[in-house]
Amino acid sequence: MVKKSFISVISHEEKEENRGSVGFQILSLTNRIRKLSSHLELHRKDYLSQRGLRKILGKRQRMLSYLSKKNRIRYKELINQLDIRESKAR
């Protein structure tokens, strides 16, 4: 199994303080998404993991939408740090 490097944008001290912040939650969901994606590259027929991945993607999408409405500058910074695409406006 090929290990991909996971992002550690937030320092250890900030992790202890800001676990409930939207930015930290998006960061942890992104790490989980990357882990599941690498797992699914090896195990293509693992349908339960595919379902879990879709749920996590939806949750991250809702959090990103919330953050873009509340703090557009922080949203742009987080998108660039995590190297993910910007969501489409509805």
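The model is predicted, so local features need pLDDT of at least 70 and side-chain atom pairs count only at pLDDT 80 or more, while totals for chains, interfaces and linings use all residues. Residues are numbered from 1 along each chain as its sequence is written, and side-chain values use heavy atoms, leaving out hydrogens and water.

**Salt bridges**
- The whole structure holds three salt bridges, each defined as a side-chain nitrogen of Lys or Arg within 4 Å of a carboxyl oxygen of Asp or Glu.
- E86 bridges to R72, with the closest N and O atoms 2.9 Å apart; this pair links distant parts of the chain, 14 residues apart.
- K76 and E86 form a salt bridge at 3.0 Å, N to O; K76 lies in helix α4 and E86 in the segment after α4.
- R74 and E77 meet at 3.7 Å, N to O, and they are separated by about one helical turn because they stand three residues apart in helix α4.

**Exposure**
- R72 is partly exposed at 41% relative accessibility, where the term covers values between buried (under 20%) and exposed (over 50%), found with a 1.4 Å probe and protein chains only.
- E86 is also partly exposed, at 38%.

**Positive patch**
- R32, R51, R54, K55, K59 and R62 gather in a patch of positive charge on the surface; such patches join like charges within 9 Å, from residues with over 30% relative accessible area and no salt bridge, and nonpolar side chains (Val, Leu, Ile, Met, Phe, Trp, Tyr) within 5 Å.
- Helix α3 (residues 47–70) supplies the largest share, five residues; helices are DSSP runs (H or I) of at least four residues, and strands (E) of at least two.

Notes. Areas by Shrake-Rupley, 256 points an atom, 1.4 Å probe, with all protein chains shown as cover. Lys, Arg positive; Asp, Glu negative; His and termini not counted. Charge placed at Lys NZ, Arg CZ, Asp CG, Glu CD.
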